[in-house]
Amino acid sequence: MPRDKQDLLQGTLDLLILRILLSGPRHGYDIAKHIQLVSKEVIQVGQGSLYPSLHRLEQRGYIKAKWDTSETGRRAKFYLLTADGKRKAAEEESRWKEFTGAVNLILQKG
Amino acid sequence: MVKWDSVWIALKSVFRNGKVEDELNEEVSFHLEMQTRHNIEKGMDPETAKKKALKSFGGAEKTKEDCRDGWGLRLLSDTRRDTAYGIRQLMKDKGFAIVSVVTLGIGIGACASMFSLVNAVLLKPLPFEDPERLVWIQSAKAMGLSAQTHTVDNFKEFRDENNSFESMGAYFAFFDYGAYIHADERGNMIARVRCAGITEGFIETLGIKLALGRNFEGSEWAFNGPPSVILSHSYWKSHFNSDRGVVGTNISINGRPTNVVGVLPASFDFDSVFTPGTEVEMLVPFPLSEETNRYGNTIFGIGRLKEGVSVEAGGANLKLVSDRIKERLGSQHRRFHHHMNTESLDDRIRGPFRTAFYVLSVAVGCVLAIACVNIANLLIARSNGRRKEFSLRAALGAQRWRLIRQTLVESLILSGWGLALGLGLAYVATNWISGLQAFSIPMIQNVSIDGYAIGFVVLIAGVTGLGCGIFPALQFSRSAPFEALGDESQRGSSGRRTVWLRKGLVVTEVALSCLLLVCAGLLIRSFDRLLDVDLGFEPSNAIAWRVDGGREFESYQERANYYEALLDSIEALPGIEVAGIADTLPLGRNRQWGIVPRMNDGERGPGTGAFPRVVNHSYAEAMGIEVLAGRFFNAFETSESESVIVLNKNLADQLWKGDDPLGKTVFVNGRFEAKVVGVVSDVKHNSLDAAPSNEMYLNFHQIGDFMAAEMVVRSKLSTELLISTVRKGLQEYTGRPPSNEFKTLQSLVDHSVAPERLFKDVLSAFSLVALVLAAVGLYGVIAYSVGQRVREIGIRLAIGASPGRIRSMILTEGVWMTAIGITIGLLGAYGFSRYLSGMLYEVSTTDPFIFALNASVVAGIAILAAFLPARQASKGDPNEALRVE
């Protein structure tokens with residue numbers, strides 16, 4: 001099974017996590033699956049980068065964790081956005097759009 | 001912006017690391033479980049599903065590690081692991097660990113003790129308010145106290161006529177002459193105490209807050225005012241059981257009910273600051289009156305400068321006042337006015353000890369440096385032995401930084417253990433030092449391991465640990481794993497650079513120990529010279545016993561007769577040769593009186609000052625003072641007979657410049673005339689290293705100025721027997737148990753050289769430790785290099801080299817290192833020894849004999865240390881040697 005089909009740009013994973021958590025609390029596995037699903041399997045996040053990224057975001061105060069019962073009835077660690085995180089998500093999103101817009105411009109007119 | 005959440009997580013993880021780890025484990029296993037479940041749903045069998053999940057997760061441990069990185073905790077957990085690993089490694093080699101810890105413990109302990117000593121004696125501010133504004137005010141910078149002190153009237157003029165000082169106070173310098181007996185209600189003596197007289201303004205000027213009670217006040221300051229005392233904190237503790245109720249009550253001093261008005265604070269011991277080595281139990285008021293002015297020069301002044309005035313400016317101001325007094329007095333009364341000398345109180349008290357203590361600090365630093373070098377050497381040797389282990393770890397992907405850290409952690413563990421041991425040693429040492437009453441070093445009783453000392457040694461231990469570990473650690477940063485692995489498989493010898501590094505370290509050790517040994521040698525020689533000094537009296541086979549009449553005498557004649565009879569009864573005891581009496585013993589108190597000769601033409605010649613000793617006729621014989629011309633006093637002289645005086649050689653020579661002094665007349669202290677009947681040898685009255693001074697002897701039948709009685713008894717009996725004999729004699733004669741205030745004359749000498757002895761002993765001990773450590777270091781390096789060269793030596797032996805050749809080959813290596821080390825050490829000593837000049841007596845700081853002697857001692861020890869492994873190498877069996885590996 002090929003790992004990341006697309007190498008994520010530095011920092012992009014953080015944006016994806018924040019964006020996904022906007023819709024509500026999710027646990028790590030859920031986030032990974034969600035990315036895979038929505039990106040139509042183009043982006044696969046290795047757990048080796050997902051969890052460190054989650055912990056980093058938690059450390060910086062953009063997300064926080066709480067233990068809750070998962071859909072299978074087992075205890076799982078759910079992540080949810082903090083107020084800071086919501087602001088950060090919006091910020092990162094507009095920055096990303098600006099960036100990809102610029103890249104697209106070059107690709108079209110280059 | 002502080003992210004409190006993140007701080008919280010970090011804290012939580014530090015204190016509850018286990019919990020955070022558990023949560024991480026659970027999170028990861030949850031993920032794996034979900035993945036497995038998903039795989040099963042896709043139709044895999046459970047076993048494969050699990051395997052697949054694990055595989056896709058991609059290294060659970062690595063992920064966990066990366067997560068910990070996210071917490072900023074990686075360092076912490078790594079360090080914890082390194083520490084555990086380091087301790088395991090050290091425990092594997094217990095011998096190495098013990099040697100290292102003991103070496104470091106001694107080094108660190110010596111450093112900690114020295115720091116506490118320097119801190120207490122030199123660095124801590126004096127126990128007064130704003131001590132930097134306090135100024136010491138004395139007259140001449142001369143030997144005798146009388147020349148150093150001022151009169152009461154002059155002091156009052158200094159105090160009132162200056163405009164630089166906020167306030168001034170003074171104390172009576174001759175308090176030690178007075179006899180004060182603290183007795184219980186029934187009149188039995190509790191203790192003989194020293195009461196230092198302080199003047200109005202003394203306590204206020206120093207800014208001392210009494211622990212209990214109040215300062216003297218009102219009529220207590222007047223001459224013959226109501227008797228009152230302030231107790232020293234330690235006397236209050238030891239003799240009044242720290243009873244707060246004692247303030248305001250009366251105690252019996254010299255038979256008079258005396259009011260205890262206050263207790264000094266624990267932070268201020270009068271003696272530890274002003275008269276170290278001479279305990280002062282109580283303070284009494286010293287009146288600034290007509291009567292005390294007539295005592296002459298008797299007081300030392302202390303002034304508090306106004307805000308912003310420098311010590312120099314204050315001194316210059318007082319000098320003006322002093323010059324005015326001098327002008328007004330003219331040539332008359334010149335003797336009551338000498339000079340004006342001021343310095344900061346801090347310099348006065350600590351100045352004389354600065355150099356000595358800084359020299360000792362440097363020495364202790366050298367010892368610690370040598371200890372470090374030794375540990376570094378051992379660690380390098382060890383790390384060479386562990387090259388394979390480290391290379392393997394490097395090849396398996398351990399980061400170089402991790403390996404360096406591992407070494408540093410190990411050396412820090414060693415220094416941490418050394419720290420624990422060192423602190424224990426320092427605690428014992430400082431306890432011992434602070435108990436030394438005998439030392440005339442200020443504030444030495446306050447020496448203790450306090451927060452500063454602990455902070456300092458922790459720092460030292462940290463630096464030591466890093467310093468020891470840095471050399472072996474740096475090696476790893478250089479060695480590429482393959483090189484090292486290859487190296488190991490070839491011959492197991494260490495790299496060229498390592499060898500040079502280790503040799504350099506050993507050369508440093510030899511140099512430092514040579515430097516220390518030379519300095520210690522100079523001090524030892526100086527001390528020997530000091531002890532060889534002609535004392536002018538015979539210190540062996542004699543004891544001195546402080547005695548008193550136990551009552552007030554009608555007259556000094558009656559007192560003299562009482563003591564003469566006492567001496568007769570003591571002399572009558574079996575085994576006693578002779579007993580004499582004096583008001584003060586040599587190497588203790590001193591005062592000075594004027595003496596003016598009558599010249600042949602009947603006119604008064606130029607006078608001078610001399611130490612007066614009021615004695616009985618047998619004193620010279622009891623002390624072993626040699627009569628050079630004429631005679632000493634005799635038993636027939638009384639207050640009725642002609643007034644006579646005996647001079648020492650120095651004084652006689654000064655007054656008559658070679659003319660026969662016998663039969664000449666002198667005026668003493670401006671009060672009376674006396675005929676010179678004899679000349680005696682010069683006695684060291686101040687200190688052993690002082691030049692001969694003027695001394696005169698007066699007969700206690702003829703002069704009333706006799707404040708205390710020291711009986712000197714000479715006998716061939718053993719000291720113990722002599723003491724018990726005299727004790728019994730005194731008991732029989734006086735009918736009451738005698739005091740325990742006796743000492744051998746030798747102990748007077750010992751006491752007077754105690755600081756010199758301390759410096760000499762400490763420096764000698766340091767230099768011996770340094771020498772031993774250096775020898776061990778040299779031995780280690782050579783033995784190690786022999787070990788590395790077993791095969792080479794085997795081959796050499798096999799192809800016919802003689803054992804002697806092998807021996808000299810190995811020995812040459814040691815000789816070279818020693819020679820270079822000694823050369824550097826001698827050069828260092830040549831440069832450094834000048835700082836000793838103030839501590840040396842009749843020894844040049846570059847005494848060639850001492851330099852040569854100590855260099856050869858170092859050379860001898862070093863070559864012995866090199867010889868042992870050399871001999872072992874040459875004795876090796878070539879077959880055995882070749883079979884190694």
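Reader: What rules apply to the model as a whole?

Author: It is predicted: local features need pLDDT of at least 70, side-chain atom pairs count only at pLDDT 80 or more, and totals for chains, interfaces and linings use all residues. Residues are numbered from 1 along each chain as its sequence is written, chains are lettered from A and ligands numbered from 1 in the order in which they are written, and side-chain values use heavy atoms, with hydrogens and water left out.

Reader: How many helices and strands are there in chain A, and what makes a helix or a strand?

Author: Chain A has four helices and three strands. Along the sequence the pattern is α-β-α-α-β-β-α. Chain B has 29 helices and 23 strands.

Reader: Why is Leu379(B) called buried?

Author: Its relative accessible area is 4%. Buried means under 20%, exposed means over 50%, and partly exposed is in between (1.4 Å probe, protein chains only). Leu379(B) is therefore buried. This residue lies in helix α14 (residues 345-385) of chain B.

Reader: What does Leu379(B) contact, leaving aside its neighbours within four places in sequence?

Author: Its partners are Phe96(B), Ser411(B), Leu414(B), Cys468(B), Gly469(B) and Pro472(B). Contact means heavy atoms within 4.5 Å. Pro472(B) is 93 residues from Leu379(B) along the chain, yet their C-alpha atoms are separated by 6.4 Å.

Reader: Glu410(B) is a charged residue. Is it buried or exposed?

Author: Buried. Its relative accessible area is 2%, so it falls in the buried class. Glu410(B) sits in helix α16 (residues 400-434) of chain B. Beyond its neighbours within four places in sequence, it contacts Gly86(B), Gln89(B), Leu90(B), Arg382(B) and Arg386(B).

Reader: How do you know which class Lys684(B) belongs to?

Author: Its relative accessibility is 13%, so Lys684(B) counts as buried. It is in a loop of chain B, between β20 (672-680) and β21 (695-699). Sequence neighbours within four places aside, its contacts include Val533(B), Asp534(B), Leu535(B) and Phe537(B). Pro586(B) and Leu587(B) are also among them.

Reader: What makes Asp130(B) partly exposed?

Author: A relative accessibility of 33%, so Asp130(B) is in the middle class. It is found in the loop between α6 (94-123) and β1 (134-138) of chain B. Most residues other than glycine have a negative phi.

Reader: Why does Asn254(B) get that label too?

Author: Its relative accessible area is 34%, so Asn254(B) is partly exposed. Its loop lies between β8 (250-253) and β9 (256-263) of chain B. Asn254(B) is not a glycine, but its phi is positive, about 50°.

Reader: Why are α8(B) and α13(B) called oblique?

Author: The axes of α8 (residues 152-161) and α13 (residues 311-329) of chain B cross at roughly 135° and come within 9 Å. Axes are lines fitted to C-alpha atoms, for helices over the stretch in contact, and angles run from 0 to 180 degrees between N-to-C directions. Under 35 degrees is roughly parallel, over 145 roughly antiparallel, 65 to 115 roughly perpendicular, and the rest oblique. The two helices are therefore oblique.

Reader: Which residues of α8(B) meet α13(B), and of what classes is the contact made?

Author: Asn154(B), Glu157(B), Phe158(B) and Glu161(B) of α8(B) meet α13(B) residues including Leu318(B), Val321(B) and Ile325(B). The contact has four nonpolar, two polar and four charged residues. Ala, Val, Leu, Ile, Met, Phe, Trp, Tyr, Cys and Pro count as nonpolar, Asp, Glu, Lys and Arg as charged, and the others, Gly among them, as polar.

Reader: What makes a set of residues a nonpolar core?

Author: They are buried Ala, Val, Leu, Ile, Met, Phe, Trp, Tyr and Cys residues, joined through side-chain atoms within 4.5 Å. The largest core has 81 residues. Phe357(B), Ile441(B), Leu522(B), Phe759(B) and Ile810(B) touch the most other members. Helix α19 (residues 496-532) of chain B gives the largest share, 13 residues. A second, separate core of 49 residues includes Phe202(B) and Val261(B).
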